[in-house]
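I opened my notebook to look up a few things in this structure. My entries follow in the order I made them.

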Amino acid sequence: MNSTSTPSSPGSPNRTKSAIGSTTDTTTGTTTVITNIGSLVTNDPSLGWGSPRSSKFESGGGSPLGLILDAAVVIEGDRVVWTGETSKAPATDNRVDAGGRAVLPGFVDSHSHLVFAGDRTQEFNARMSGRGYTAGGIRTTVAATRAATDAELEANLTRYLREALHQGTTTFETKSGYGLTVEDEARALRIAAAHTDEVTYLGAHIVSPDYADDPAAYVALVTGEMLDACAPYARWVDVFCEKGAFDGDQARAILTAGRAKGLHPRVHANQLSYGPGVQLAVELDAASADHCTHLTDADVDALANSDTVATLLPGAEFSTRAQWPDARRLLDAGVTVALSTDCNPGSSFTSSVPFCVALAVRDMGMSPDEAVWSATAGGAQALRRTDIGRLTPGAYADLTLLDAPSHVHLAYRPGVPLVSGVWRRGVRVV
């Protein structure tokens with residue numbers, strides 16, 4: 001359940017990493033058609049109707065999803081080679097009958113924190129009983145993660161990968177950030193890199209407890225020795241730009257140092273309060289500004305006029321009883337929006353993208369179509385990928401089959417396990 005190629009680095013066309021880090025040969029030469037699909041989400045309006053940037057839909061059209069009814073998809077090896085109406089599907093070696101169910105691209109979870117040990121049940125219980133949420137609780141997970149063995153961390157990681165896969169997630173990004181020492185950050189990324197290429201160096205999650213009295217020295221470590229040890233395993237560099245974590249100047253120094261090492265920026269921005277995170281993300285051409293809960297009009301305008309995706313993480317607001325991000329405001333301004341889980345043991349302990357879709361529709365002003373687009377194509381844009389998040393010729397054959405006639409059921413029937421099949425790189429894995 002991972003990504004093993006990027007637009008700039010295709011990797012091997014024949015082999016992919018599995019959810020537990022081994023490789024699987026995907027060069028079969030055979031073709032398979034999934035036919036009798038009640039509703040197919042392609043995320044290509046030229047194959048259906050509508051525009052992926054639309055925020056207001058006209059009657060009978062305007063969907064961002066490129067929907068095809070009574071559809072079929074043809075897979076060859078690990079790629080989609082044809083989509084269209086069932087009646088026009090070409091002959092293939094194998095045939096799968098979808099039975100009128102909906103098919104959509106595998107979910108792209110572009111923000112998670114899966115290399116950790118322990119949990120924070122007591123903290124959650126206290127919070128739900130009235131205590132507020134702050135950034136400081138991360139220290140509890142740092143202590144547990146440092147004490148865990150590599151085997152324990154990897155077992156925990158693969159547990160949540162399997163959990164997410166069964167809920168339709170076929171691509172995920174994950175971060176370090178619970179070690180906060182050179183050795184612990186590097187081993188977290190090494191473990192993550194066995195399962196995905198979308199690995200993010202987050203030594204700047206909070207100031208390490210070891211440097212509580214000298215934050216400047218910790219920033220020097222994060223931009224120096226720690227970065228040197230971690231960069232070989234990562235594609236991205238991230239920073240928690242927030243009160244109680246890193247201010248704008250510290251965040252700029254960290255992201256700039258990472259970029260000099262070939263890592264592309266992402267930013268935890270404007271989650272708990274107004275701050276410089278979003279503006280910094282746009283300034284440095286970050287792939288995404290994540291959370292985006294407290295935004296000024298200038299922040300929204302900056303995002304709308306940039307290539308930086310606003311990644312919204314409703315699981316965090318659900319689990320902290322915080323203010324919901326205003327997705328409607330962002331979409332109406334023309335901002336590209338992604339939806340992800342933020343799966344982590346402290347503030348959003350869910351691996352379910354369908355759950356986040358339902359929250360976004362119910363509490364953040366998104367339509368079901370917009371939420372599904374944001375959880376698939378939007379997540380792909382947040383990773384600057386064009387080979388995932390869509391079901392069009394040339395894209396990876398990552399598909400989710402729902403036990404429902406329409407993707408709308410993800411919000412219409414919240415909490416129901418609707419995912420009845422998952423294909424990853426052309427192979428059925430669920």
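**Helices and strands**

I began with a definition: helices (H or I, at least four residues) and strands (E, at least two) are DSSP runs, numbered from the N terminus. I noted that this is a predicted model, where local features need pLDDT of at least 70, side-chain atom pairs count only at pLDDT 80 or more, and totals for chains, interfaces and linings use all residues. Residues are numbered from 1 along each chain as its sequence is written, and side-chain values use heavy atoms, with hydrogens and water left out.

I looked up Ala216 and found its place in helix H5 (residues 215-222). I then needed the burial terms: buried means under 20% relative accessible area, exposed over 50%, and partly exposed in between (1.4 Å probe, protein chains only). Ala216 is exposed, with a relative accessible area of 57%.

**The whole chain**

How many helices and strands are in the protein chain? I found 14 helices and 20 strands. The protein chain has 430 residues, and 59% of them count as buried. Next I looked at contacts (heavy atoms within 4.5 Å). Among contacts in the protein chain with a separation of 6 or more, residues 24 or more positions apart account for 71%.

**Thr32**

I found Thr32 in strand E3 (residues 31-40). Is Thr32 buried or exposed? Its relative accessibility is 17%, so Thr32 counts as buried. Leaving out residues up to four places away in sequence, I listed what Thr32 touches: Val73, Val74, Ile75, Thr92, Asn94 and Val96.

I checked for polar contacts too. A polar contact is a pair of N or O atoms within 3.5 Å; within protein, one must be able to donate a hydrogen and the other to accept it, and residues adjacent in sequence count only if both atoms are side-chain atoms. The side chains of Thr32 and Asn94 are joined by one of 3.4 Å.

**Helix H12**

I turned to H12 and listed its buried residues: Val353, Pro354, Cys356, Val357, Ala358, Leu359 and Ala360. What covers them? The cover includes strand E8 (107-109), strand E9 (169-172), H10, strand E17 (337-339), helix H13 (368-382) and H14.

I looked at both ends of H12. At the start, a side-chain oxygen of Ser352 reaches to within 3.1 Å of the backbone nitrogen of Phe355. Gly365 follows H12, and its phi is positive, near 80°.

**Val408**

I found Val408 in the loop between strand E18 (399-402) and H14. Val408 is partly exposed, with a relative accessible area of 31%. Val408 and Ala358 are 50 residues apart in sequence, and 9.5 Å apart in space, C-alpha to C-alpha. Not counting residues up to four places away in sequence, Val408 touches Pro368 and Asp369.

**Positive phi**

I then looked up two residues with a positive phi.

- Leu180 is not a glycine, yet its phi is positive, about 60°. Leu180 sits in the loop between strand E10 (174-175) and helix H4 (182-193). Leu180 is buried, with a relative accessible area of 1%.
- Arg321 is also not a glycine, and its phi is positive, near 55°. Arg321 sits in the loop between helix H10 (314-320) and helix H11 (327-332). Arg321 is exposed, with a relative accessible area of 58%.

**Cysteines**

I searched for disulfides, where a disulfide is a pair of cysteine sulfur atoms within 2.5 Å. By this rule I counted zero. Cys230 is buried, with a relative accessible area of 0%. Cys292 is buried too, with a relative accessible area of 1%.
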